[in-house]
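Please examine the sequence and the three-dimensional structure shown here before reading the report.

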Amino acid sequence: MKKQMTCIACPLGCQLTVEYEGTEVLSVTGNTCKRGDAYARTEIVNPTRSLTSTVRVKGGVHPVVPVKTAGPIPKDKMFEAMRYLNTVAVKAPVSLGQVIVEDLLGTGVNVVATNTD
Ligand code: SF4
């Protein structure tokens with residue numbers, strides 16, 4: 001099979017063509033650098049994305065604090081992760097980089113605060 005995709009590893013946005021059978025990647029073309037090759041292979045085998053969102057804060061200046069995953073998580077867990085973060089509330093004070101959720105949905109990736117409150 002053949003799949004076209006846009007590399008999102010940098011702003012250049014190279015148009016990639018991936019040939020694959022099941023989860024075996026046969027070739028990647030159109031990439032300008034190795035990161036594009038790695039991105040295309042991950043997209044076929046186990047697509048991942050970083051998640052940014054907010055969680056509620058109790059007793060803070062603002063009602064919510066922005067958070068992000070400390071690394072990418074499987075793409076098919078994004079909606080479940082967003083639903084879960086909607087149920088999370090943290091007590092003020094919140095510091096920058098504070099771990100808000102450990103091991104989000106068993107992905108091994110923490111959710112950290114990207115601001116203070
Ligand atoms: S292939 Fe390399 S240069 Fe092209 S968008 Fe991806 S990271 Fe950027």
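The report below describes the overall build, the ligand surroundings, the nonpolar cores and several individual residues.

## Overall build

The structure is a predicted model. The protein chain contains 2 helices and 10 strands.

The C-alpha atoms of the protein chain occupy a box of roughly 55 × 25 × 15 Å along the principal axes. The radius of gyration of the protein chain is 18 Å, whereas a compact globule of 117 residues would have a value near 13 Å. Buried residues account for 21% of the 117 residues in the protein chain. Of the contacts between residues at least 6 apart in sequence, 45% join residues at least 24 apart.

## Two domains

The domain assignment divides the protein chain into domain 1, residues 2-45, and domain 2, residues 52-113. The C-alpha centres of domain 1 and domain 2 are 30 Å apart.

## Surroundings of the ligand

Which residues are around the ligand? They are Cys7, Ala9, Cys10, Leu12, Gly13, Cys14, Asn31, Thr32, Cys33, Arg35 and Gly36. By residue type, this shell around the ligand consists of 6 nonpolar, 4 polar and 1 charged.

## Nonpolar cores

The largest nonpolar core has 13 residues, and those with the most contacts inside it are Val65, Val67, Val90 and Ile100. Strands β5 (52-58), β6 (64-69) and β10 each supply at least two residues of this core. A second, separate core has 6 residues, among them Cys7, Leu16, Val28 and Tyr39.

Isoleucine 100 deserves a separate description. Apart from neighbours within four places in sequence, isoleucine 100 is in contact with Val55, Val67, Val88, Val90, Val111, Val112 and Ala113.

## Alanine 40

Alanine 40 lies in helix α1, which covers residues 34-45. Is alanine 40 buried or exposed? Alanine 40 is buried, because 25 other C-beta atoms lie within 10 Å, and a residue counts as buried when there are 20 or more.

When residues up to four places away in sequence are not counted, alanine 40 touches Met5, Leu16, Val18, Val28 and Asn31.

## Backbone features in the loops

A cis peptide bond joins alanine 92 and proline 93, with omega about 0°. Proline 93 is found in the loop between β8 (89-91) and β9 (99-101).

Aspartate 103 belongs to the loop between β9 and β10 (111-113). Its phi is near 50°, a positive value in a residue other than glycine. Aspartate 103 counts as exposed because it has 11 C-beta neighbours inside 10 Å, and the limit for an exposed residue is 12 or fewer.

Leucine 105 also has its place in the loop between β9 and β10. Although leucine 105 is not a glycine, its phi is positive, at about 50°. How does leucine 105 count, and why? Leucine 105 counts as partly exposed because it has 14 C-beta neighbours inside 10 Å, a number in between the limits of 12 or fewer for exposed and 20 or more for buried.

Note on methods. Residues numbered from 1 in each chain as written. Predicted model: local features only at pLDDT ≥ 70, side-chain atom pairs only at ≥ 80, totals over all residues. Helix = DSSP H or I, 4+ residues; strand = E, 2+ residues; numbered from the N terminus. Rg over C-alpha atoms; globule rule 2.2 N^0.38 Å. Contact = placed C-beta atoms within 7 Å. Domains from an automatic or database assignment. Near = placed C-beta within 6 Å. Nonpolar A, V, L, I, M, F, W, Y, C, P; charged D, E, K, R; others polar. Core = buried A, V, L, I, M, F, W, Y, C linked by C-beta atoms within 7 Å.
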